[in-house]
Amino acid sequence: MTIKEAMLSAARLPVLGVLFLLITGQMALIIAAHRDGRSRRFKSALVAFFLVSELVFWFCLCVISWRNNYPGWSKEPPAFWAAIFACPVWAVWIYEAAAAALLFFAVRDTHRYRNHHVTPDSVKQTMDLLPLGIGFAEPDGAVCFRNLVMDHLSSALTGRLFTDWDVFQAAAGGDQVTVEGRVWHLRHRGTPGGFLTQITATDITEQARILENLREKNRKLKDIQLRLKVYNRQAGRIIIAQELLNARMTVHDQLGSVLLESRHYLNDPTSIDEALLLQALRNANTYLLREYEGDDADADPLTEAVGMAQAMGVKVALTGIPPTEAVPRGILAAAIRECAANTVKHAEGDRLTVDARRTDAGYTFTLCGNGLPPAGPIRESGGLLSLRTLVENRLGVMRVDSSPAFRLTIVLPFPANSIASRPIGR
């Protein structure tokens with residue numbers, strides 16, 4: 001079968017199809033050679049190989065074109081074309097087999113070259129192997145380069161590949177994002193010249209876990225520190241009380257000795273110096289009178305609350321006129337103790353502002369602490385819940401606000417209008 005017969009029959013489909021595939025592969029190899037920076041000789045050989053295949057393809061198409069222009073071959077082709085048309089079709093098949101073999105070896109050589117030389121594709125492949133995400137965006141936000149990690153993050157955040165830096169930045173919402181349980185730190189900066197923006201995404205999951213553990217430990221340590229401050233204050237009071245008790249026991253022992261000497265003096269006045277005995281009796285009576293006066297005076301709960309707050313490192317700024325009645329004064333003291341503890345423990349603050357106002361209906365106490373604002377609504381438990389119970393038992397109202405900062409407001413009626421017979425805290 002000649003080329004003419006093959007092109008005018010159904011055999012032309014496989015012949016032309018194989019030739020088209022060969023030409024397509026040769027074009028891809030030429031483009032790859034130019035991108036990889038291959039030698040001029042190698043590129044020239046590929047171009048010559050491509051032109052020969054194009055020539056063979058063109059010769060085959062000429063048969064079909066001649067038939068369409070001259071139906072029934074009304075015009076005989078020139079001798080040159082007639083000789084080509086009369087060539088056996090197996091010559092084309094032999095060329096196609098040889099071209100396929102050469103194409104295979106050229107592809108293998110290109111693959112080997114890329115494995116041993118640095119090419120533009122090598123840069124992309126290396127970037128894809130990095131554990132961090134990297135990309136470059138133009139001033140209008142269009143991404144001109146990115147690796148697989150950035151594509152993965154963008155798909156998780158925006159539902160599409162990393163092609164628009166502005167959309168990705170809006171979806172991220174900050175410098176730190178969490179994707180599929182992993183924490184990523186985003187950073188962007190301009191390249192030299194300011195033509196591109198470099199975006200990097202670093203996996204900081206382990207660091208974030210360690211920081212969270214440290215924050216939790218710091219919260220526990222601050223709680224322990226607060227308890228230690230209160231304990232130290234209480235320990236100081238216990239030591240002072242113990243010393244006073246020891247002093248009282250000593251004085252009481254001395255008083256017993258004076259009483260025994262007084263009895264001996266009554267029985268035998270000449271056996272004891274009367275002046276020394278009178279001086280001892282005077283000292284003992286003076287001590288007993290002072291001790292009675294001290295025991296008779298109750299400690300001020302408001303003063304103790306302010307002192308306890310200062311012992312915890314919280315300075316109390318008291319404005320207004322504090323109540324003089326025992327019930328509202330005790331509730332104000334309890335509120336100062338609770339708010340001072342919460343200021344140190346939760347807000348990391350060191351100042352508590354207390355405003356005490358007297359109105360026609362009763363007393364209004366407003367307590368505000370500095371430091372970090374609450375992260376959300378405050379759940380009343382422990383001390384705040386006990387304080388609310390104490391206030392409501394006195395027919396008062398307590399309100400806790402968390403925005404924009406912590407604020408505790410207590411409204412109490414006058415003791416004459418409340419259940420004054422009920423003791424504080426019960």
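A nonpolar core is a set of buried Ala, Val, Leu, Ile, Met, Phe, Trp, Tyr and Cys residues joined through side-chain atoms within 4.5 Å, where buried means under 20% relative accessible area, exposed means over 50%, and partly exposed lies in between (1.4 Å probe, protein chains only). The legends below describe a predicted model, in which local features need pLDDT of at least 70 and side-chain atom pairs count only at pLDDT 80 or more, while totals for chains, interfaces and linings use all residues. Residues are numbered from 1 along each chain as its sequence is written, and side-chain values use heavy atoms, with hydrogens and water left out.

**View 1. The largest nonpolar core of the model contains 35 residues.** The residues with the most contacts inside this core are Ile336, Leu352, Phe365, Leu367, Leu387, Leu408 and Ile410. At least two core residues are supplied by each of α11 (301-311), α12, β7, β8, α13 and β10; these labels number helices (H or I, at least four residues) and strands (E, at least two), which are DSSP runs counted from the N terminus. Helix α12 gives the largest share of the core, eleven residues. Which residues does Phe365 touch, leaving aside its neighbours within four places in sequence? Phe365 is in contact (heavy atoms within 4.5 Å) with Pro323, Pro328, Leu332, Asp355, Ala356, Leu408, Thr409, Ile410 and Leu412. A second, separate core has 31 residues, among them Ala6, Leu16, Phe42 and Phe59.

**View 2. Five strands make up an open sheet of mixed pairing, in the order β6-β7-β8-β10-β9.** Strands of a sheet pair through backbone hydrogen bonds, either parallel or antiparallel; here two strands are said to pair if DSSP finds at least two bridges between them. Strands β6 (315-320) and β9 (397-401) stand at the edges with a single partner strand each, so one side of each has no neighbour in the sheet. Direction ignored, neighbouring strands of this sheet are turned by 15° against each other on average; axes are lines fitted to C-alpha atoms, for helices over the stretch in contact, and angles run from 0 to 180 degrees between N-to-C directions. Seven bridges pair strand β7 (residues 351-358) with strand β8 (residues 362-369) in the antiparallel sense, and the bridge partner of Thr353 in β8 is Cys368. Helix α12 (residues 326-345) packs on the sheet and touches β6, β7, β8 and β10 (407-413), its direction making about 160° with that of β7. Helix α13 (residues 383-393) also packs on the sheet, where it touches β9 and β10, and its direction makes about 150° with that of β9.

**View 3. Another open sheet of five strands has antiparallel pairing and the order β2-β1-β5-β4-β3.** Its edge strands, β2 (143-146) and β3 (176-179), each pair on one side only. On average, and with direction ignored, neighbouring strands of this sheet are turned by 25° against each other. Strand β3 and strand β4 (residues 182-190) run antiparallel and are joined by four bridges, with Gln176 standing opposite His185 in β4. Helix α8 (residues 165-172) packs on this sheet, touching β1 (133-137), β2, β3, β4 and β5 (197-203), and its direction makes about 135° with that of β4.

**View 4. Asp36 and Arg114 meet through their side chains in a salt bridge of 2.9 Å, N to O.** A salt bridge is a side-chain nitrogen of Lys or Arg within 4 Å of a carboxyl oxygen of Asp or Glu, and a search of the whole structure finds 15 of them. The pair links distant parts of the chain, since Asp36 lies in helix α2 and Arg114 in helix α5 (residues 89-116), 78 residues apart. Is Asp36 buried or exposed? Asp36 is buried, with a relative accessible area of 5%, whereas Arg114, at 28% relative accessibility, counts as partly exposed. Leaving aside neighbours within four places in sequence, the contacts of Asp36 are Thr110, Tyr113, Arg114, Thr119, Pro120 and Asp121.

**View 5. Arg219 forms a salt bridge with Glu216, the closest N and O atoms being 2.4 Å apart.** Both residues lie in helix α9 (residues 205-267), three residues apart, which is about one turn of the helix. Arg219 counts as partly exposed at 41% relative accessibility, and Glu216 counts as partly exposed at 34%.
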